[in-house]
Amino acid sequence: MTRQWKIKITQFSCSGMSKAPEGCLQYFTGISGNVSSFNWKTTDNTNDPMFSNHLANQQYSVCVRRESGYCSVEWSTTMPYGAQNGHFSLSGTEQAATLTNADVKIGDSDCRNDYLQIPQGWGGTDPNNEQFGRDRFCGQALGYCTKVDCTTKDLGGVRSGVTPFVIGVVTDNDEGSTGTGVTTTDTKNRGFMLNFRQHPCT
């Protein structure tokens with residue numbers, strides 16, 4: 001089989017507006033758009049469905065340029081949130097049934113190995129929810145805390161007003177593996193496909 005690639009290379013000036021900030025492996029501009037983890041797809045791997053995993057050993061930042069007049073950015077799956085199986089799938093076992101609040105995992109204790117970092121991420125329509133912000137998000141569904149102790153959660157988009165607009169992607173080295181003395185409970189986690197939308201300053 002003959003393989004071919006087409007690669008576009010663009011150089012930017014050191015002082016150009018399109019230059020990404022230091023530390024950003026992926027950089028997006030515009031008020032809205034979408035971003036996915038490397039290797040993300042919704043279908044099973046043709047070799048073996050158990051191979052349909054996100055990449056291991058990742059630690060990088062995804063950045064969005066803050067547009068003029070906008071003060072926060074919201075990350076979310078497509079609605080309805082409960083039907084987006086595999087669109088946010090970072091830890092645990094991929095769910096076939098409708099996603100619920102129980103599939104949302106948040107915080108340092110729940111998210112230790114594979115997770116997204118959304119600085120002081122919060123959600124919902126109540127502005128008081130901002131005080132419930134957390135930094136780590138994992139599990140099978142994206143959501144937010146509805147209490148200060150985060151004992152209750154809800155499915156939905158997660159907003160952050162921390163600048164620069166960035167999310168961190170962290171995965172460990174044993175996704176779905178079983179080795180000597182090590183058995184993980186992660187199965188078929190595909191990674192993430194998220195929409196982002198900037199919110200204007202009020």
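Which residues line the second largest cavity? The views below come from a predicted model.

**View 1. The second largest cavity and its lining.** T77, Y81, Q84, F88, L99, Q140, A141, L142 and L155 line this cavity. The space inside comes to about 50 Å³. By class, six residues of the lining are nonpolar, three are polar and none is charged.

**View 2. The largest cavity and its lining.** Two cavities of 30 Å³ or more are counted in the model. The largest cavity holds about 70 Å³ of space. S37, F38, H54, L55, Q58, Y60, L90, V169, T171 and F192 form its lining.

**View 3. An open sheet of six strands.** The strands follow the order β1-β3-β12-β7-β8-β6, and their pairing is mixed. At the edges are β1 (26-28) and β6 (104-106), each of which pairs on one side only. Neighbouring strands of the sheet are turned against each other by 25° on average, direction ignored. Strand β3 (residues 59-64) pairs with β1 in the parallel sense, over three bridges. Within this pair, F28 stands opposite V64 in β3.

**View 4. The disulfide of C24 and C63.** A disulfide is a covalent bond between the sulfur atoms of two cysteines. The structure holds four disulfides, and one of them joins C24 to C63, with an S to S distance of 2.0 Å. The torsion about this S-S bond is about -85°, so the disulfide is left-handed. Because C24 lies in the segment before β1 and C63 in strand β3, the pair ties together parts that are 39 residues apart in sequence. Both C24 and C63 are buried.

**View 5. The disulfide of C71 and C201.** The sulfur atoms of C71 and C201 are 1.8 Å apart. The link is right-handed, with 85° about the S-S bond. It connects distant parts of the chain, since C71 is in strand β4 (residues 70-76) and C201 is in the segment after β15 (191-200), 130 residues apart. C71 has 29% relative accessibility and therefore counts as partly exposed. C201, at 36% relative accessibility, also counts as partly exposed.

**View 6. The disulfide of C111 and C138.** Here the sulfur atoms of C111 and C138 are 2.1 Å apart. The link is left-handed, with -85° about the S-S bond. C111 is in the loop between β6 and β7 (115-121) and C138 is in strand β8 (residues 134-139), 27 residues apart. C111 and C138 are both buried.

Note on methods
Residues numbered from 1 in each chain as written. Predicted model: local features only at pLDDT ≥ 70, side-chain atom pairs only at ≥ 80, totals over all residues. Heavy atoms only, no water. 1 Å grid on protein atoms, 1.4 Å probe; cavity = no way out; pocket = protein on both sides within 12 Å on 5 of 7 lines; lining within 4 Å. Points joined across faces, edges and corners; volume = space filled by probe spheres on them. Nonpolar A, V, L, I, M, F, W, Y, C, P; charged D, E, K, R; others polar. Pairing = 2+ DSSP bridges. Helix = DSSP H or I, 4+ residues; strand = E, 2+ residues; numbered from the N terminus. Axes fitted to C-alpha atoms, helices over the stretch in contact; angles between N-to-C directions. Disulfide = S-S within 2.5 Å. Buried < 20%, exposed > 50% of the residue type's maximum accessible area, 1.4 Å probe, protein only.
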